[in-house]
Structures are given as C-alpha cells and as structure tokens.
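Let's take a walk through this one together, from the overall build down to a few local details.

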Amino acid sequence: MSTASPRSDIAIIGAGMAGLAAARRLRANGHTCRIFEKSRGVGGRLATRRAGDLRFDHGAQFFTARGNAFRKALAEWTAEGIVAPWFDDTHVGVPAIGAPVRAMANRFEVQLETQITSLQSVEGGWRLVDAQGRVHDAGHGAFSAVILALPAPQVLPLAETAGVPMPGLDDVRYAPCWTLMAAFEEPLPGPDRHASPEGALSWLARNSAKPGRDPSPETWVIHASPAWSRAHLELSPDEVTPLLWDLARTVLDTDATPGFLAAHRWRYARVEQTAPKPFVWNADARIGACGDWGLGPRVEAAFDSGDGLGMIVASSLSRASSAAE
C-alpha cells in the first residue's frame with residue numbers, strides 16, 4: 001500500500017456524531033472526507049421522526065458536556081442558533097435534536113442510502129463495495145484511509161472483510177430500547193419529564209416543550225427500560241405500541257386518546273459495556289473505528305471518540321507522508 005499525501009481522501013462509513021466529528025477534525029487538518037450512510041438521513045440516534053406535521057426526537061433526548069472539546073462545540077452551535085439549553089445542564093438541537101449533526105454534514109460530501117458491505121485493498125489504499133455491488137473510490141484513485149463510525153457489532157464484520165482486527169470491540173455490549181411516540185390535540189397535565197430508571201419505562205418527555213418546537217399538537221416521546229425492551233425485542237412495532245401505551249398512560253395519569261401512536265426499536269440504543277480504548281486505529285492498514293462504544297452512553301462520548309480518532313489519523317498520515325519524502 002503506497003503512502004498518502006496530507007490532503008488525501010478519507011472514507012468515513014457512518015454519518016452519526018462520531019463519524020462527523022472525525023470528519024470535522026480531519027477537515028481542520030487539511031484532509032478531504034467522503035461520508036457513506038446507509039440511512040435516508042444523517043445523525044444516527046440523533047434522530048427525529050416525522051409523521052405529517054408531527055416531529056419526535058425519538059432517539060437521543062439531549063446532550064451534556066463534561067469536557068472542554070464538547071463544551072467548545074456546544075458554545076459554537078449555540079451561537080449559530082442550532083443548539084439551545086433545555087433543563088439543568090442539558091442541551092438540545094434546534095429545531096430538532098440532530099441540528100448540529102446536519103450542520104456538520106453540510107460541509108461534506110455525504111452519500112445517503114448506501115450500505116457499505118466490504119472493503120477491498122488496492123494499490124494506494126481502499127475501495128468500498130456496497131450492498132448493491134457498486135464499487136466506490138475517491139474518484140481519482142483509492143481512499144487513503146477508512147474510518148468505521150458504526151456501532152461495534154457493525155464494525156466487526158466490515159473490518160473482517162479487510163482482514164483488520166478490532167481489539168476489544170467483541171466486549172462491547174448495548175442495551176436495546178423500544179420508543180413510543182404519541183401526539184395529542186390537547187395538552188396533558190403534569191410535568192414535562194418523567195425519569196424512572198427502575199420501572200418498565202425509563203423516560204417520558206413532552207417533546208413539544210423543548211426549545212424551538214411547535215407546542216401544538218403536543219408530542220411525547222417514551223422510552224422503555226433496557227429490561228423491558230430486551231424482553232419484547234423481537235415483537236413488531238404494531239405489537240409493542242399498545243403495550244407501551246398501557247404503561248405510559250398510567251405514568252402520565254391520563255385517559256386521553258392519542259391522535260397518533262407509533263413505536264420504533266433501537267437495537268443498539270445505549271452502551272452498557274465499553275471497549276478498552278476510546279477508538280481503534282490500525283496505522284499499517286489505515287483503517288480505524290470510533291463511536292460512543294469507546295467511552296460511554298452519551299452524545300459527548302461519540303463526539304470525543306470521533307474527534308480523537310480524527311486527530312490520530314491526521315497525525316499518522318502526516319508522518320507517513322513525511323517518511324516517504
């Protein structure tokens with residue numbers, strides 16, 4: 001595999017917070033990135049479900065910042081008007097939870113609805129093959145490096161196609177989550193949030209009460225606990241919806257009939273056991289991986305993992321280029 005120039009094209013698979021944080025850092029160091037995402041939109045679990053005029057942040061509910069890097073990013077996004085404080089020390093995207101991710105994605109070439117299924121080693125780097133058998137490269141040759149910004153169980157088989165080990169990722173464990181989305185013509189009484197880590201429902205929030213949201217119709221997002229979600233994991237959304245609503249109406253203490261009800265399953269919702277390191281980088285193969293699985297179940301963890309890997313990749317490619325001169 002030949003060495004790469006500092007401005008080489010880098011493929012990033014996964015357009016969630018981790019992948020875009022890596023792209024952001026690489027771009028700041030003079031590299032170009034192309035991002036591939038299997039879904040119809042960017043953001044991963046920073047997702048908003050649309051149903052007509054209704055909007056539900058049905059994945060991650062908010063962000064918190066503990067470290068300087070993410071605090072700085074939050075300050076920048078707040079100044080841009082795409083993030084706002086919510087309660088206590090939490091923040092949300094405006095007008096939807098994924099607003100900062102979409103803003104980052106707008107600076108890159110992002111290829112949506114493209115599921116990469118294998119990596120091919122070629123002269124100069126890597127080519128990618130998608131589920132339809134299409135081959136992707138940098139347009140003027142191979143990608144000089146590849147970053148897998150995916151849940152750990154999805155990183156492993158893809159890295160295996162390249163013959164690249166991902167130490168520690170076998171140990172990563174996730175909790176699933178069933179999410180219920182409900183809408184009402186009239187506001188429900190009571191607080192905007194209910195958190196119950198020991199019950200069948202772990203979180204209920206009045207989504208329409210978040211900053212920058214339309215307050216009417218009123219929308220709610222309800223998360224089942226990991227235990228309940230595991231016990232009902234393989235049911236269909238139609239089967240889960242009435243079960244979750246029976247639980248939710250008790251917590252919300254309401255007899256109101258929702259005008260809209262739908263459930264969504266997150267198979268890899270919350271990291272329960274992390275990898276030994278915040279990211280993985282194989283300098284010889286020039287393949288790395290990042291995600292919240294490296295640090296913990298927070299949006300900031302995904303950002304820090306991607307940002308850290310981006311710094312390492314930039315430094316590694318720069319050293320390789322200097323050694324070749």
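What follows goes from the whole chain to single residues.

First, some ground rules. This is a predicted model, so local features need pLDDT of at least 70 and side-chain atom pairs count only at pLDDT 80 or more, while totals for chains, interfaces and linings use all residues. Residues are numbered from 1 along each chain as its sequence is written, and side-chain values use heavy atoms, with hydrogens and water left out.

Start with the big picture. The chain has seven helices and 18 strands; these are DSSP runs numbered from the N terminus, with helices being H or I of at least four residues and strands E of at least two. The C-alpha trace spans about 70 × 40 × 35 Å along its principal axes. Of the 325 residues, 52% count as buried (buried is under 20% relative accessible area, exposed over 50%, partly exposed in between, with a 1.4 Å probe and protein chains only). Look at contacts between residues at least 6 apart in sequence, and 66% of them join residues at least 24 apart; a contact here means heavy atoms within 4.5 Å.

Now for a spot inside. Serine 305 sits in helix α7, residues 299–324, and counts as buried because its relative accessibility is 0%. Beyond its neighbours within four places in sequence, serine 305 touches Pro278, Phe279, Cys290, Gly291 and Leu295. Lysine 277 is 28 residues away from serine 305 in sequence, with 9.2 Å between their C-alpha atoms.

How many disulfides does a search of the whole structure find? It finds zero, a disulfide being a pair of cysteine sulfur atoms within 2.5 Å. For cysteine 33, the closest cysteine sulfur is in cysteine 290, and at 11 Å that is too far for a bond. Cysteine 33 is itself buried, at 8% relative accessibility.

Last stop, the backbone. Most residues other than glycine have a negative phi, and most peptide bonds are trans. Valine 94 and proline 95, though, are joined by a cis peptide bond with omega about 10°, and proline 95 is in the loop between β6 (91–93) and α3 (99–105). Another cis bond joins serine 216 and proline 217, with omega about -5°; proline 217 is in the loop between β14 (201–206) and β15 (218–224). As for phi, glutamate 113 has a positive value near 50° and is exposed at 53% relative accessible area. Aspartate 253 has a positive phi of about 55°, and its 65% relative accessibility makes it exposed too.
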